[in-house]
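Thanks, everyone. Let me put the model on screen, and then we can go through it.

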Amino acid sequence: MFRVLRRASDRRRHADGEYGWLFHPYTGDELVAIDCETTGVDPRTAEPVSIGAVKVRGDRVLTSESLHLHLKRPASLTGDSIRIHGLRGIDLDDGVGVDEALETLLDYIGNRPLLGWRLEFDLAILNRQIRPRFGFDLPNSGIDVAQLYHRQLRRSVMEPEPRAQRFEAVAESLGVPVMGRHTALGDAVTTALMYLRLERAGMPDRQEA
């Protein structure tokens, strides 16, 4: 309920602003899969390191129109952390600032529905950066592919084991290649492919995220 009220308040305050169009109902046929690589797993403190996004139109993942942003090195990201994330120091030294990255992301996703694996985490990371700069959270509707898959498994005879619900295991069970695991764009593309496989199975559930 709080999220619905906040979204309505944001819509009223920004209706005539630069980003008012983000709050308009979407009437197109595209979705955007997103993923964030971060400095940690706590959405209250983790900072974005890179952001990946790719459009989905019909049964196609439009990798030629994808977005991959490396952000400038956060102060909390040490050399050991860089190796964990699989990034080179030069990628971060040459990365874009958070303000520029968020403006680019907002222009790219527009008011399209969003796809994500554990989408709540990515939205929490992004909204922590977006709200203080733009005055609103992302208003887009969303589909959590992990929850979508879990609902499919619960319709089966046996309750799935936790390991069977991990990203790589789900991709394998759906016959989807893992594209550059633990890179923002690779995970966004893999998530988009998993969604299409689930949709073809007749489960295009959509819910507000």
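Are Phe134 and Phe136 buried or exposed? Both are buried, with buried meaning under 20% relative accessible area, exposed over 50% and partly exposed in between, for a 1.4 Å probe and protein chains only.

Quick ground rules. This is a predicted model, where local features need pLDDT of at least 70, side-chain atom pairs count only at pLDDT 80 or more, and totals for chains, interfaces and linings use all residues. Residues are numbered from 1 along each chain as its sequence is written, and side-chain values use heavy atoms, leaving out hydrogens and water.

Now the rings. Phe, Tyr and Trp rings (the six-membered one for Trp) pair if their centres lie within 6.5 Å; planes under 30 degrees apart are stacked, over 60 edge-to-face, the rest tilted. That rule gives five aromatic pairs. Trp117 and Phe167 have ring centres 5.3 Å apart and planes at 90°, so this pair is edge-to-face. The two residues are 50 apart in the chain. Trp117 and Phe167 are both buried. Phe134 and Phe136 make a tilted pair, at 6.1 Å between centres and 45° between planes. Ring pairs also tie Tyr19, Phe23, Phe134 and Phe136 into a cluster.

The charged end of Lys55 sits over the Tyr108 ring, 4.9 Å from its centre. The criterion: NZ of Lys or CZ of Arg within 6 Å of the ring centre and within 35 degrees of the ring normal.

Note on methods:
Helices (H or I, at least four residues) and strands (E, at least two) are DSSP runs, numbered from the N terminus.
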